[in-house]
Amino acid sequence: MTGALGLAYWAETSIKLGVALIVIPTAALMLGYLFLLKMMAFMQSRLGPQDVGPYGTLQLIADAVKFLQKEDIHPAAADRRVFRAAPVVVLASSFLLFVVLPTGPDAVVENLDTGIFYAMAVSSLSVLGVLMAGWASANKYALLGGLRAAGQLIAYELPLILAVMGVVIQADSLNLQEIVRAQAEGEIFGFGLIGNPFILTQFIGFLIFMISAQAELTQTPFDMPVAETELVGGFHVEYTGFRFLLFFMAEVATAFAFSALATVMFLGGWWIPGFDFDAPVLNVLGPVVMLVKILVVAFIIFWIRFTYPRLREDQLQKFAWKVLIPLSLANIVVTGIFKVVL
Amino acid sequence: MSPPPTASALREQQAYVAAQAADARVNVELDTGDMTLNIGPQHPATHGTLRIACQLDGEQVISAEPLMGYMHRGYEKLCEVRTYPQCTTLINRIDWLGSFANEVPFILAAEQLMGVEAPPRAQWIRTILFELSRIANVSLFLGDMGVQVGALTPVFFAFRDRERVLNQIEEVTGGRFHPNFDRIGGLKDDIPRGWIAETHAVMAKMRGFCDEMEDLLMGNEIFQTRCRSVGVIPGDVALSYGLSGANLRASGVDWDLRRDANPGLAWDQVDWRVWTHPDGDSFARYWVRLQETREATKIVDQLLDGIPSGPIMAKVPRIIKVPAGEAYVSTENPLGEMGYYVVSKGGLGPFRVKIRTPSFSNISVVPWVMRGTYVPDIITILGSLYFILGDIDR
């Protein structure tokens, strides 16, 4: 059995595994350094890391080493097995997201036919881990944080999926590669040079997707499960050292993955105007283009995070049910009408 | 040393511990009734070591009780074994963010007992420093309220701009936080050269900071949804709980000791107004404080232009002995009414000092206002009531 690269199955799988093991932590580190350390410091008029490496670039490595050195503490009343499993579940969910992200005509770990469906499904898994962490910590703050995360799930997961529906209808496919292709080969009133990035036709969908992604990532203004000033960290209040690092990595890696999803669905993905859709050179250039677009989207995510205050849980529910869900349903209806008429 | 436990005893003990842990788990997991949540003593929202014992039903508060005393330092007693000039080093640690303002009412009370009055120049500089400490204190609140509702950025801006005010205070007094500058009969020193122009510039910067906070935080829709009609304290309730300062004015009560009971400082020499807000919610408290910071910069600007010439110290004996008597002087401090009831028996130090601090009374309304709110609202209400721990437990 041979894969897309013409290698044996085991060889291709190990290449993919190796790439994944390098790409995901690198992505998390990059976002963490660029946005969480440097950009936040610039926006909040503080200095930011300066000393470790040039411009403080090695600060995150130093932080990771610091976390590795710390003692691994379990609360006395914790449910130890669940407590230990929780960060792994959360991290696994963000790792699984990377499986379907296409970065070139062949540069994709697994080109699933139901790619977007799969991505939505595994991304919700992280809430399970959060709930496990909150429940198993035997801490009231953690419990409140975990339950908030569970309550939030319903509020944002629905608009998230409904926002994606518009794209799926327009692209005629659940496959992420096909969605990129639909944008690459689309035309705007007969003008096909830059394709048809769905952000133009699905702008409302894009907005809803970004708002819901903010909630999925537990970033401000929807960071109630973490809520540092109320719940002092929420579900991960009892975690130390490496286990906390897993939560942290999962948070940043998921931010990266969701920026990538937004790029693929709304910003034209890895395709570069002027190239053939299947041109092999795009396997090299595509990841670069993706990275630039991902950084732009991630910048918006973190920009909002550093600007806005936090909503209350009931206010989020109100916002989701009264604004986001009706809006996304209307978006689907309008998209459907255009699809049938045009 | 006790003998090492035998194997069976060890097993028994381990079984006992395991059973205890299991019980604890079952209790944690199956208790569906009210939950007691201890906020503090170590909690970022309590600015120190305040503890609030809450009964929760889900996330809704059934009752909340503030428990204080974790940082009690016994200042009233300590004042009794010190001379009058020594007391000021202690009492400017009560409200540590607006420290010069703490010294003033105590010194005024001592002056009243001695029948001394500070010369006009000293009174004006006192008023300027008083208002500068108000700005330094309240500007931190303006940023910190953002942290309470989850926006981290404003507080860093607040720290950045407060530093300018602290620099001005430091240039005169030599201390950023604990100036210990006020003396019975006047001030320790005059203001340095060039200070007036610098302070004018800083006041302009602080007005810019207020505009920034209005844009960044107060005008934000999420901030308004979080704060409007949350923690409403009607005027009569506020009065009956002894609230003072901006918390009272935000409930629509037009009451300001600077205007109503000016104890001799220069507030009556300048043109300014008292801001009130009818709503009494968290947003009103933020709004009133923002306006007051602006107003304070205007007061300072006007005072700077009109400082009278003359000495900064009245004629007082080298060793201060206060004649027997009692005096109570209170001023409108950054947090509210701060008063000192000083009893003298003619010695070198006070016989008894009772300190009336604003935060202590302001916090007493917590059980009334917290009922039925949600856990996130506890934090915003606490933040908007704005207390300093040292001001509660003195």
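**Figure 1. Strands β7 and β8 of chain B pair in the antiparallel sense.** In this predicted model, strand β7 covers residues 336-344 of chain B, and 5 bridges link β7 with β8. To find your way into the pair, look for B:Val343: the residue opposite is B:Arg352, which belongs to β8.

**Figure 2. Strand β8 of chain B has one covered face and one uncovered face.** Which residues of β8 sit on the covered face? They are B:Val353 and B:Ile355. On the uncovered face you will find B:Arg352, B:Lys354 and B:Arg356.

**Figure 3. Chain B meets chain A.** Here, 30 residues of chain B are in contact with 27 residues of chain A. Several elements of chain B each supply at least two residues to this side: the helices α1 (7-30), α5 (120-148), α6 (153-173), α8 (221-227) and α15 (375-385), along with strand β1 (35-39). What kinds of residues does chain B bring to the meeting place? There are 19 nonpolar, 7 polar and 4 charged ones.

**Figure 4. Chain B as a whole contains 16 helices and 8 strands.** Of the 394 residues in chain B, 49% are buried. Now consider the contacts in chain B with a separation of 6 or more: 72% of them join residues 24 or more positions apart.

Terms used
Residues are numbered from 1 along each chain as its sequence is written. Chains are lettered from A and ligands numbered from 1 in the order in which they are written. This is a predicted model: local features need pLDDT of at least 70, side-chain atom pairs count only at pLDDT 80 or more; totals for chains, interfaces and linings use all residues. Helices (H or I, at least four residues) and strands (E, at least two) are DSSP runs, numbered from the N terminus. A residue is buried if 20 or more other C-beta atoms lie within 10 Å of its own, exposed if 12 or fewer, and partly exposed in between; C-beta atoms are placed from the backbone. Two residues are in contact if their C-beta atoms, placed from the backbone, lie within 7 Å. Two strands pair if DSSP finds at least two bridges between them. Ala, Val, Leu, Ile, Met, Phe, Trp, Tyr, Cys and Pro count as nonpolar, Asp, Glu, Lys and Arg as charged, and the others, Gly among them, as polar.
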